[in-house]
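Me: I am new to this structure. Could we go through it in short questions and answers, once it is on view?

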Amino acid sequence: MKYKNIKLGEAAEITMGQSPKSTYYNKEGMGIPFIQGVSTFGENYPRIETYTTEYNKEAQKGDLLFSVRAPVGRINVANQTIAIGRGLASLKVKKGYSKSYIYYLFKKIGNQLDSIGSGTVFSSINKKELINLKIRVPEKLHDQCKIADRLRKIDEKIEINNHINDNLAV
């Protein structure tokens, strides 16, 4: 299997989040779900705790949610349309690349990205750095999909085992 090094911007359209004024936030479900950063990230999908009636940037269902601030590189999948704050970027994977492969790639290397971020108080990565972030992908889409499918199957088994363990603890 042959690999190639590419810039993330070649594989995905990147939208940086932008936070609305906090006066528009609510916990009552009014407006659109809103996520500021990784505090509500789950294993694969975020938990929704906050909503906003005004927003500037959004991720569509299926987009990858990528943390760009403290900590950089964590990944989740938008399970619905979500307004995104300045701690996140959405990645819309382009044709010719596997969204699942890129998702699993960042699940593996995400923790290492704090070291390339910049900033004094919070580690962060800006849009230019994100676009130019080098990643390694199989040249053929078929190979990307094959790898992602294997990892998804392992994730499913882990989820089943975790569910069994949770029930044993009761």
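Me: Is aspartate 63 buried or exposed?

Reply: Buried means under 20% relative accessible area, exposed over 50%, and partly exposed in between, with a 1.4 Å probe and protein chains only. Aspartate 63 has a relative accessible area of 6%. By that cut-off, aspartate 63 is buried.

Me: What kind of model is this?

Reply: Residues are numbered from 1 along each chain as its sequence is written, and side-chain values use heavy atoms, with hydrogens and water left out. Local features need pLDDT of at least 70, side-chain atom pairs count only at pLDDT 80 or more, totals for chains, interfaces and linings use all residues, and the model is predicted.

Me: Which residue forms a salt bridge with aspartate 63?

Reply: Side chains of opposite charge can pair when their charged atoms come close. A salt bridge here is a side-chain nitrogen of Lys or Arg within 4 Å of a carboxyl oxygen of Asp or Glu. The closest N and O atoms of this pair are 2.9 Å apart, and the partner of aspartate 63 is lysine 92.

Me: How many residues apart are lysine 92 and aspartate 63?

Reply: Helices (H or I, at least four residues) and strands (E, at least two) are DSSP runs numbered from the N terminus. Lysine 92 sits in strand S10, and aspartate 63 in the loop between strand S6 (58–59) and S7.

Me: What is the relative accessibility of lysine 92?

Reply: Aspartate 63 is buried. Lysine 92 counts as partly exposed, because its relative accessibility is 33%.

Me: In what order do the strands of the open sheet run?

Reply: Strands of a sheet pair through backbone hydrogen bonds, either parallel or antiparallel. Two strands count as paired if DSSP finds at least two bridges between them. Four strands form this open sheet with antiparallel pairing, in the order S2-S10-S7-S8.

Me: Which are the edge strands?

Reply: The order of the sheet is S2-S10-S7-S8. An edge strand pairs on one side only, and here these are S2 and S8.

Me: How many bridges join S7 to S8?

Reply: Leucine 65 stands opposite asparagine 76 in S8. S7 and S8 run antiparallel, and the number of bridges joining them is three.

Me: At about what angle does H2 run to S8?

Reply: Axes are lines fitted to C-alpha atoms, for helices over the stretch in contact, and angles run from 0 to 180 degrees between N-to-C directions. H2 lies across S7, S8 and S10. Its angle to S8 is about 145°.

Me: What is the relative accessible area of leucine 64?

Reply: Leucine 64 lies in strand S7. Contact means heavy atoms within 4.5 Å. Leaving out residues up to four places away in sequence, leucine 64 touches, among others, Val77, Leu91, Val93 and Ile102. Leucine 64 is buried, with a relative accessible area of 0%.

Me: How far apart are the end C-alpha atoms of H4?

Reply: The expected span of a helix is 1.5 Å times one less than its number of residues. H4 has 28 residues, so it should span 40 Å. The model agrees, with its end C-alpha atoms separated by 41 Å.

Me: What covers the buried residues of H4?

Reply: Asp143, Gln144 and Ala148 are buried in H4. The cover over its buried residues includes H2 and S11.
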